[in-house]
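Q: I want to learn how to read an interface between two chains. Where do we begin?

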Number of protein chains: 2
Amino acid sequence: MQTLEKIGEEKIVQWLIKNIPSHGSNVLLGNGHDAAVIRLKGKYAFKTDTLVVTKMLNGVSLEDLGWKAVCACASDLATVGAKPLYSTISVCAPRTLLFKELKSLFYGIKQALSHIGAVLVGGDLSENPLISVSVNLLGEISGKYYGRTGSKPGDLIAVSREFGLEPLGLKILLKEIDITSEKLQKRSLHDFLRPLPEVDYGVVLGKLGFIHSCTDSSDSLAISIKNLIGSQLDAVIERLPTHPLLYTLDKKLVENLVLYGGEEYALVFTYDEKDDKRLKRALNKIGRDRIIIGRVKEGSGKILLKGKKTRVIKARGWRQFQSKS
Amino acid sequence: MQTLEKIGEEKIVQWLIKNIPSHGSNVLLGNGHDAAVIRLKGKYAFKTDTLVVTKMLNGVSLEDLGWKAVCACASDLATVGAKPLYSTISVCAPRTLLFKELKSLFYGIKQALSHIGAVLVGGDLSENPLISVSVNLLGEISGKYYGRTGSKPGDLIAVSREFGLEPLGLKILLKEIDITSEKLQKRSLHDFLRPLPEVDYGVVLGKLGFIHSCTDSSDSLAISIKNLIGSQLDAVIERLPTHPLLYTLDKKLVENLVLYGGEEYALVFTYDEKDDKRLKRALNKIGRDRIIIGRVKEGSGKILLKGKKTRVIKARGWRQFQSKS
């Protein structure tokens with residue numbers, strides 16, 4: 001069996017350099033040197049994001065995980081309106097991993113880099129009992145950039161797409177739920193394993209220049225909203241951006257998926273209502289739209305969910321070092 | 001006990017933002033947002049390097065490891081003549097780690113970033129049974145940059161400092177060797193745990209503009225030389241850059257430490273003999289010198305060590321996924 005231990009770092013690196021070459025006129029020194037050298041000019045987003053594979057679930061391939069790791073990092077770049085350009089990737093793997101499995105991981109990485117338009121310029125391999133992929137991206141910002149802070153009382157809160165399929169996909173993989181609809185099952189798994197970061201959407205928001213704050217929903221919609229309002233504002237959620245395919249499922253389950261499930265990589269952002277028409281028009285041009293879910297008001301960091309009875313909901317979701325709380 | 005699990009990601013991140021702030025006029029968006037935004041113009045080195053803590057050795061603190069992780073990455077930047085400016089760091093740790101231990105790791109990271117002159121602009125925390133630190137650096141290149149390729153027949157091969165103390169420090173920690181001289185023991189341990197990357201030295205080489213190729217010796221001097229000669233040239237080593245403190249030890253042991261030990265983060269580079277005087281003068285200005293160890297000649301990738309009898313030595317040293325071979 002061709003394990004990493006048997007193949008050795010040198011041959012693995014040679015394979016990588018050959019199969020994922022660093023091209024581009026601004027890449028002065030790419031893969032195969034101690035550090036990459038690139039030519040840059042302007043405003044750039046810089047981000048690192050690590051995916052640790054604590055358990056290989058049935059139905060998930062290393063190719064999927066390679067894709068997911070890159071797209072999660074690209075999603076962070078989208079929140080500041082950056083177009084991904086250059087990447088370095090650090091992979092940890094056990095020495096007993098098969099070389100073909102590592103190749104599969106890198107095929108997923110390569111596909112995703114190609115999808116987001118970035119070039120791999122360097123990397124690093126280390127030994128670790130668990131597989132992990134640390135993705136670093138540099139992206140260009142041609143418009144305005146947004147942080148998490150900047151929401152104003154009266155702002156609309158909008159999201160880039162519908163929620164709930166991705167966390168359902170995870171639940172299906174974890175065998176926590178049984179879904180009878182084959183269509184829903186397939187779609188949820190696909191969306192969880194092959195998420196699409198909102199690269200073009202983020203660039204459009206950046207070009208418009210009037211967005212007040214932006215984040216992505218990977219930890220959960222509730223946490224995203226909390227990150228945008230901080231402790232001086234409240235959010236009033238009037239409508240949950242539930243994916244229509246979920247309408248047949250139990251209402252409480254769906255609410256939990258949408259609010260606390262995470263894994264979506266949708267953009268969540270705030271802006272002044274007067275700019276809504278321009279926003280809609282610009283997004284329609286790339287075949288997209290915004291979904292308005294509520295409004296910011298003065299307050300103290302609470303998220304209020306309107307319904308028959310308005311109630312305060314917690315900023316629950318994915319947090320490292322803790323079980324989902 | 002204040003474990004990470006008890007403290008939770010949110011509070012850890014708050015502590016980090018407060019204690020390692022992102023400052024600098026070109027940092028437009030720093031710690032605490034989904035991605036950092038920085039202003040850049042020119043040629044930049046981009047590098048990622050991961051340190052996995054497979055075992056905590058007696059006598060090594062997490063502060064030491066934080067320092068070492070940053071300096072290892074800065075050393076790669078030095079090989080292309082880049083001055084480190086911005087960093088993102090991805091840390092993996094078990095949920096049972098004490099918060100004060102994580103703080104200690106970050107104190108080491110902070111000290112090292114300050115030493116190399118870089119600012120932390122973002123990061124990522126993940127759960128993993130083993131501690132690991134993935135350091136990403138962006139550094140500015142104001143002179144010329146060098147890759148590993150570019151050596152020419154007739155070139156001198158030089159190193160930036162003496163070899164052997166760092167790998168001896170590792171052997172002492174691993175209890176593979178017993179050193180009677182307290183001075184040597186202390187110095188070796190210190191140099192292993194707190195290596196100094198050749199940041200200023202690399203910048204001087206870059207400004208001179210006549211170096212043909214450059215790498216660092218972290219994997220071993222033998223591997224560094226091999227990386228600089230490739231498969232079309234030979235290297236004739238006339239003198240090993242042995243640290244004088246090692247002269248009292250067994251000759252064979254010392255030769256092994258110097259050639260195959262690694263961990264040094266010294267620069268190894270090639271250039272034309274006619275430029276040697278200018279090189280020496282420029283290095284002397286920053287209180288440094290080069291140590292000429294040999295010469296490049298036409299060949300087939302062999303390293304020849306001169307002695308009573310000239311012999312071919314192997315490019316042994318540190319390789320991932322393999323025992324030292």
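A: The size of an interface is often given as the accessible area lost when the parts come together. Here chain B and chain A bury about 5600 Å² between them, with 56% from carbon and sulfur atoms. Buried area is the accessible area (1.4 Å probe) that two parts lose on being put together, summed over both. On the chain B side, B:D34, B:F46 and B:F321 supply 19% of the area buried against chain A, more than any other three residues. The model is predicted: local features need pLDDT of at least 70, side-chain atom pairs count only at pLDDT 80 or more, and totals for chains, interfaces and linings use all residues. Residues are numbered from 1 along each chain as its sequence is written, chains are lettered from A and ligands numbered from 1 in the order in which they are written, and side-chain values use heavy atoms, without hydrogens and water.

Q: How many salt bridges are there between chain B and chain A?

A: A salt bridge is a side-chain nitrogen of Lys or Arg within 4 Å of a carboxyl oxygen of Asp or Glu. The count here is two. One of them joins A:R148 to B:D34, with the closest N and O atoms 2.8 Å apart.

Q: Is A:E263 buried or exposed?

A: Buried means under 20% relative accessible area, exposed over 50%, partly exposed in between (1.4 Å probe, protein chains only). A:E263 has 17%, so A:E263 counts as buried. A:W318, at 33%, is partly exposed.
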